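Here is a short briefing for a first look at this structure.

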Amino acid sequence: MVKPVTGRKMQDGLLGRPALALLIAMALAQPAFGQRSAQAPAGQRAPAAAAPNLPVPDQRTALKMLWGIMAAVDQANRTGNYSVLRDLGTPAFQANNNPANLAGIFTGLREQQVDLSDALIVTPVWEISPRMVSPTTLRMRGSFPLRPQAIAFDLLFTWSDGWRLDGIAVQAMPTAR
């Protein structure tokens with residue numbers, strides 16, 4: 001298992017599998033789940049920001065988010081340019097991942113020549129259907145049932161002027177016969 005780049009961990013473990021091939025940074029464990037608050041003057045406490053009451057995105061929106069990230073990873077793997085994938089992330093994700101770091105993390109998928117574009121034409125099987133795991137963080141986990149290899153994923157999105165990538169794991173897995 002590849003170690004997370006930051007200290008924040010997901011419940012149930014990423015993908016829940018010991019042979020995890022890929023883990024990309026999750027936001028640092030900070031107040032408001034990675035969002036920085038302004039510093040209060042000495043001796044005063046900053047007022048707590050109210051967490052937005054975010055609903056779980058509808059199925060169509062969740063699928064667009066998922067497929068958009070899978071397309072970005074696929075294109076980054078094909079071109080070797082991970083800057084767009086990085087730019088889709090939260091500020092904390094961006095701070096913890098430069099394009100060269102992301103290229104190193106995705107080496108296994110590139111070496112296996114996994115075609116992630118196949119995932120764009122298949123509806124995923126949800127292991128954890130899209131759900132809020134904190135007031136501002138959405139998680140989705142599942143796989144695309146492809147042959148000869150399924151593609152497993154575990155994604156975190158955090159609300160930051162829209163849903164932004166905050167953590168990702170992607171792994172090719174042999175399909176049961």
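Of the 177 residues in the chain, 42% are buried. Buried means under 20% relative accessible area, exposed over 50%, and partly exposed in between, with a 1.4 Å probe and protein chains only. This is a predicted model: local features need pLDDT of at least 70, side-chain atom pairs count only at pLDDT 80 or more, and totals for chains, interfaces and linings use all residues. Residues are numbered from 1 along each chain as its sequence is written, and side-chain values use heavy atoms, leaving out hydrogens and water.

**Layout and surface**

- The chain holds five helices and four strands. Helices (H or I, at least four residues) and strands (E, at least two) are DSSP runs, numbered from the N terminus.
- The order from the N terminus is α-α-α-α-α-β-β-β-β.
- Among contacts with a separation of 6 or more, 59% join residues 24 or more positions apart. Contact means heavy atoms within 4.5 Å.
- The accessible surface is about 9,600 Å², and carbon and sulfur atoms own 53% of it. The areas come from the Shrake-Rupley method with a 1.4 Å probe; for residues, only the protein chains shown count as cover.

**Aromatic pairs**

- The whole structure has four aromatic pairs. Rings of Phe, Tyr and Trp (its six-membered ring) pair if their centres lie within 6.5 Å; planes under 30 degrees apart are stacked, over 60 edge-to-face, and the rest tilted.
- Y82 and F106 are stacked, because their ring centres are 5.7 Å apart and their planes meet at 15°. Y82 lies in the loop between α1 (59-79) and α2 (83-87), and F106 in the loop between α4 (99-105) and α5 (107-112), 24 residues apart.
- Y82 is buried at 1% relative accessibility. F106 is buried too, at 0%.
- W126 and F153 form an edge-to-face pair, with centres 5.9 Å apart and planes at 85°.
- W126 is partly exposed at 21% relative accessibility, whereas F153 is buried at 0%.
- Ring pairs join W126, F144 and F153 into a cluster.

**Nonpolar core**

- The largest nonpolar core has 31 residues, and M140, F144, I151 and L155 touch the most other members. Such a core is a set of buried Ala, Val, Leu, Ile, Met, Phe, Trp, Tyr and Cys residues joined through side-chain atoms within 4.5 Å.
- α1, α4, β2 (137-144), β3 and β4 (163-174) each supply at least two residues of this core. α1 gives the most, with eight.
- Beyond its neighbours within four places in sequence, F144 contacts residues including L66, W67, M70, I151 and F153.
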